[in-house]
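Biologist: I have just opened this one and I am new to it. Could you walk me through it?
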Amino acid sequence: MKLASRRRLIWAFGGAAACLFATLVVMNLLTPEKKLSEVPVHRYAIDSDEYRREMSVLLGPTVLNGNTVQVLENGDAIFPAMLSAIAAAQHSVNFETYIYWSGEIGERFTEALSERARAGVRVHVTIDWVGSVKMEDALLKRMAEAGVEVRRYRPIRWYTVARINNRTHRKLLVTDGRVAFTGGVGIADQWQGDAQDPDHWRDLHFRVEGPVAAQFQAAFNDNWVKMTGKILNGDPYFDAVPQAGSVSAQLFIASPSGGSQSMQLMYLMSIAAAEHTLDISAAYFVPDRLLLEALLAARQRGVRVRLLVPGPHTDSEAVAIASKRGWGRLLEAGVEIHEYQPTMMHTKMFVADSYLVSVGSTNLDIRSLRLNDEANLNVYDAAFGAQMTAIFEGDLARARPYTAQMWAARPWSQRLAEWIIVPIKSQL
């Protein structure tokens with residue numbers, strides 16, 4: 001074959017490979033096809049048997065009775081509780097997180113997990129590959145050498161480019177199959193402290209005991225099986241869990257591979273069931289059409305809707321810009337929007353009629369609702385609902401109301417930025 005012909009052939013193959021790679025990237029970045037097209041209508045109350053039955057049968061795992069749920073506020077309370085549970089583990093520790101960075105708190109978790117593994121406890125850790133980009137390999141090596149089974153979720157390879165956008169955003173910790181944690185906290189130093197200044201974030205995490213802990217264990221298994229092909233079962237993981245209290249709860253998970261619409265539908269059905277109040281703390285609020293319409297429908301029924309979002313301190317200016325574009329209709333309908341002032345507010349909490357409380361890793365944006373693996377704890381209890389409503393109102397006291405007049409007066413530069421971000425809002 002002549003040299004010129006060879007060059008043309010090489011260029012042809014190179015061009016085809018480049019086109020294939022570009023196509024995969026574009027397909028990966030596009031939002032998955034939307035299956036839901038209608039907002040559920042109001043049929044029953046949030047505290048009704050009908051609502052709970054549909055949550056158990058139509059969408060997710062069974063709502064289980066006999067649990068205790070303890071709220072932990074900010075790193076000063078959250079990290080000691082998690083580290084104490086790890087230190088007390090006698091049989092197994094399963095830990096899954098999105099963010100795990102090097103730093104003081106990363107060092108403490110690495111040592112705690114390694115110590116348990118050296119003591120003969122079965123320790124399994126799932127860390128998202130993208131979320132751990134700021135984690136030094138030395139931490140991973142130390143855990144592995146101590147006997148911790150560590151897996152990084154979906155590392156980037158040429159043959160995995162089509163699913164680069166699907167990350168695990170779940171925050172799950174289960175010890176001995178009996179004590180479980182979830183919430184919004186990642187393993188990084190900005191979550192330390194007590195939200196006392198802009199360098200220390202505001203967040204909530206939750207400690208759970210009781211039968212629902214087995215659902216946390218099953219949720220961890222979901223991605224562990226995907227990565228390793230092995231299931232963690234038997235007494236160290238699924239021993240009989242006695243009742244520990246009087247709270248009803250379920251752990252609700254979603255992922256693109258296992259039904260990405262289920263988390264979105266859970267929120268839509270809960271909004272549709274609310275009759276009095278909806279209190280929402282949303283660290284990243286970039287709603288799609290269905291979520292906006294559901295909130296507007298709630299307002300038309302006379303439901304008071306209060307939305308708490310980050311204010312001047314945020315780790316994503318793009319999200320803040322994209323979020324505001326849809327606020328006009330909400331404000332005109334009477335939705336109360338408040339911007340948290342002291343520091344970055346990373347809380348993800350949904351409270352309906354001071355009865356249903358949904359907390360966990362899910363943000364109210366397209367990425368969380370359709371692209372990420374997420375996990376939320378749904379709690380059905382009037383006393384716990386009242387407690388979380390009080391915490392929400394405490395945060396409102398440190399927030400600034402955002403009015404329809406403020407939205408109408410926002411500068412042209414911000415309006416332009418909102419339009420520019422529209423095509424990529426599913427990636428925020």
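Biologist: Does F109 count as buried or exposed?
Modeller: F109 counts as buried, because its relative accessibility is 0%, where buried means under 20% relative accessible area, exposed over 50% and partly exposed in between, with a 1.4 Å probe and protein chains only. Please keep in mind that this is a predicted model, in which local features need pLDDT of at least 70 and side-chain atom pairs count only at pLDDT 80 or more, while totals for chains, interfaces and linings use all residues. Residues are numbered from 1 along each chain as its sequence is written, and side-chain values use heavy atoms, with hydrogens and water left out.

Biologist: OK, and which residue does F109 form a stacked aromatic pair with?
Modeller: F109 pairs with F95, at 5.9 Å centre to centre and with 20° between the planes; rings of Phe, Tyr and Trp (its six-membered ring) pair if their centres lie within 6.5 Å, and planes under 30 degrees apart count as stacked, over 60 as edge-to-face and the rest as tilted. F95 sits in strand β2 (residues 92-97) and F109 in helix α4, 14 residues apart, so the pair links distant parts of the chain. F95 is buried as well, with a relative accessible area of 2%. F79, F95 and F109 form one aromatic cluster.

Biologist: Which helix does α4 pack with, and at what angle?
Modeller: Helix α4 (residues 104-118) packs with helix α3 (residues 74-88) at about 15°, their axes being 9 Å apart. Here axes are lines fitted to C-alpha atoms, for helices over the stretch in contact, and angles run from 0 to 180 degrees between N-to-C directions. That angle makes α3 roughly parallel to α4, a label for angles under 35 degrees, with over 145 counting as roughly antiparallel, 65 to 115 as roughly perpendicular and the rest as oblique.

Biologist: Which residues make that contact?
Modeller: On α3 they are F79, M82, L83, I86 and A87, and on α4 they are I105, R108, F109, A112, L113 and R116, with contact meaning heavy atoms within 4.5 Å.

Biologist: Switching topic, how many helices and strands are there?
Modeller: The protein chain has 16 helices and 17 strands, which are DSSP runs numbered from the N terminus, helices being H or I with at least four residues and strands E with at least two. Of its 428 residues, 54% count as buried.
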